[in-house]
Amino acid sequence: MNSALIIIGLTAVMALALGIAARRGHDMTLEQWTVAGRGFGGLLVFLLLAGEIYTTFTFLGGSGWAYGRGAPTYYILAYGSLAYILSYWLLPPIWRYAKQERLVSQSHFFARKYDSRWLGALVALVGVMALVPYLVLQFQGLGIIVSVCSYGSISSTAAIWIGAATVTIYVMVSGMRGVAWNAVVKDILILAVVIFLGVYLPIHYYGGVGEMFHAIDAAKPGFLTFKPTGQSVLWFQSTVALTTLGFFMWPQAFAAVFTAREERILRRNAALLPLYQLILLFVFFCGFAAILQVPGLTGADIDQALLRLSLKTFDPWFVGVIGAAGLLTALVPGSIILVTAATLIANDLLRGLNPDLAEGAVARVARGLAPVIALVAVYFTLQGGQTIVALLLMGYSFVTQLFPAVVCSLMRRNPMTTPGAVAGIVVGVAAVAYITLTHSTFVSLFPFLPAAANDVNIGFASLILNVLASAVVSALTPATQPSAERPPAGRANQRARNPAVTATGWSTAALIFGVLGGLFGLLIGVFGYFVEGIAAAGGQNGAGLFQLISMAIPIASLVGGGMAKSDAVVAGILMLLSAVGMLLVFGFNFFTAIPLVLSGVGGMMALVSANDPKTKTA
Amino acid sequence: MKALGWLAVAPFVGILVGTAFVNRVEPLILGMPFVLAWIVGWVVVGAGLTAIVYLFDPANATSEAGGEGGER
């Protein structure tokens, strides 16, 4: 046990004590646990909105990328500031609608705007998918801080478990109220530490910032500018565009907007917060200073750069102070993410689909889910291998897929229909998941594209597919009326409103998806064109039978699509069976994924249109 | 007022398009590589332009009651 670890440990205990103290006098109902009873003033809203600037992501991730990647780290400075400028026009209409309809979550916003609780549930699901990598990166940061500051005596695996346990206990005990108290302490401490390090390190080791950059440029030519390929200028442009659009699509950021007292506050923050981003410069300077002082860190280890340099420079007690600041930057956002994810599943997914669930049950489920989600994140953290920034970019690729549907819903006449919104989000998220899981590149999927297209951020490329899909489906389905344009109605009769429009919308979409999936599947079945598996299997035995099966399966989807209007249940089952059949017979690759997703989504839409109480009134 | 809002387009053009033309290290500005200084410059200018838009936006002139009034 060295003095650094003692200071870090004391900080963790103090944070926990503060959390318990904050809980006093408040029953932990769902509302207290998730939004602290909506009792936060302007400063806390500001801190919540500015929260991302001071997480492990910037502290360790930003400096790590400066150390390991060089110029690409500049994107972190650019996107936050553009996102805040964009928020001047984006957030006030969201806030107005949320106030008018008394909304409390992002999922509710979608459910109400598009008059579909299924879309609300889908949005909650996307939110959870994006939050997991975000939580993983906080755990990874905690692991790095504890293991580096223990001078190697605690392994990083043990450190990750300790960190995850701390966050979970903390969240179970105090919920959002304790988080807010610690957020203030965290921001002051990290501000002081980052500015000190960013000024001191370049002067101490190089004599100044300019001298430092000259030395780096001489030692590693090209490191301080974007490369011709790979993380090129095109990568920078597409990544900044993606993250700017996605910035307020995070469930916790979206909901933080609702807590503002009046819309003017949002506009004023839009002008002030970009300047806050400049703190990042000091974080970058720490990472750049480490390049020539602690060389040799590679892979995911680049995230250790700032701490390794601190270890080399300062006494253990001061390393402890830096580590304690880092601990809070992981603990506080980690807790917010954990509370948000648990609430998303309990309140927006489960209760969204079963509105009769009791408040108490939802609160218990949410608290019970916290350790489960933490365990999932620990599992992914131990799989490891990704840098902190890469993890956040993955989350961004998911949440940004919600952006087109939000912007369209704010227009006077929403050009996007409910099935169109579902189609766009499903296609966008599926594309991100597929490319991430298979480690494929964009050019390998679309060989006709120029090689430079590989530099485009995959999340941004998926966003283009997303917009195309929702445009096509929206053009083919009747328009959705958001509830704002209708006579005001209470929550109770929400389901009964406007039955015909959405019911036909769903079945029309199911028809289109089923038919398209069937046609595409037939194309693959008949020609066996893209699938090596068919030629191989067919050559061995029973070529005729195999071909028959591979044609019958897509035809099932075609028939299902055709029946979507008349018998939705049978149609849905046919399409889903067809999707499963295609998976079994054709196998899974990029080309079979297209009919698979089309038929699968079509089948689900048909079942939704059958189950939806609206259909019965229609 | 609407016309003033277009000021905010400038930082987007500067960062998203302009960066392609300034991808170099020298000359160092305030000790920073030129391309980094370019981005930092647009962050500062962007905040300034947004502040100008805020000050001249009639929607913000309506006092504490804001939200109900404004641009509608």
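**A walk through chains A and B**

Chain A has 27 helices and 0 strands, where helices (H or I, at least four residues) and strands (E, at least two) are DSSP runs numbered from the N terminus. This is a predicted model, in which local features need pLDDT of at least 70 and side-chain atom pairs count only at pLDDT 80 or more, while totals for chains, interfaces and linings use all residues. Residues are numbered from 1 along each chain as its sequence is written, and chains are lettered from A and ligands numbered from 1 in the order in which they are written.

Let's stay with chain A. Of its 618 residues, 57% are buried (20 or more other C-beta atoms within 10 Å of a residue's own, with C-beta atoms placed from the backbone).

Now pick out two helices. In chain A, the axes of helix 7 (residues 117-149) and helix 16 (residues 359-383) come within 9 Å and cross at roughly 65°; axes are lines fitted to C-alpha atoms over the stretch in contact, with angles from 0 to 180 degrees between N-to-C directions. That makes helix 7 of chain A roughly perpendicular to helix 16 of chain A (65 to 115 degrees). Among the residues that meet here are A:V132 and A:F139 from helix 7 of chain A, and A:V376 and A:F380 from helix 16 of chain A.

What about the partner? In chain B, 29 residues are in contact with 34 residues of chain A, contact being C-beta atoms, placed from the backbone, within 7 Å. Helix 3 of chain B gives the largest share of the side of chain B that touches chain A, 11 residues.

Note on methods
Two residues are in contact if their C-beta atoms, placed from the backbone, lie within 7 Å. Angles under 35 degrees count as roughly parallel, over 145 as roughly antiparallel, 65 to 115 as roughly perpendicular and the rest as oblique. A residue is buried if 20 or more other C-beta atoms lie within 10 Å of its own, exposed if 12 or fewer, and partly exposed in between; C-beta atoms are placed from the backbone.
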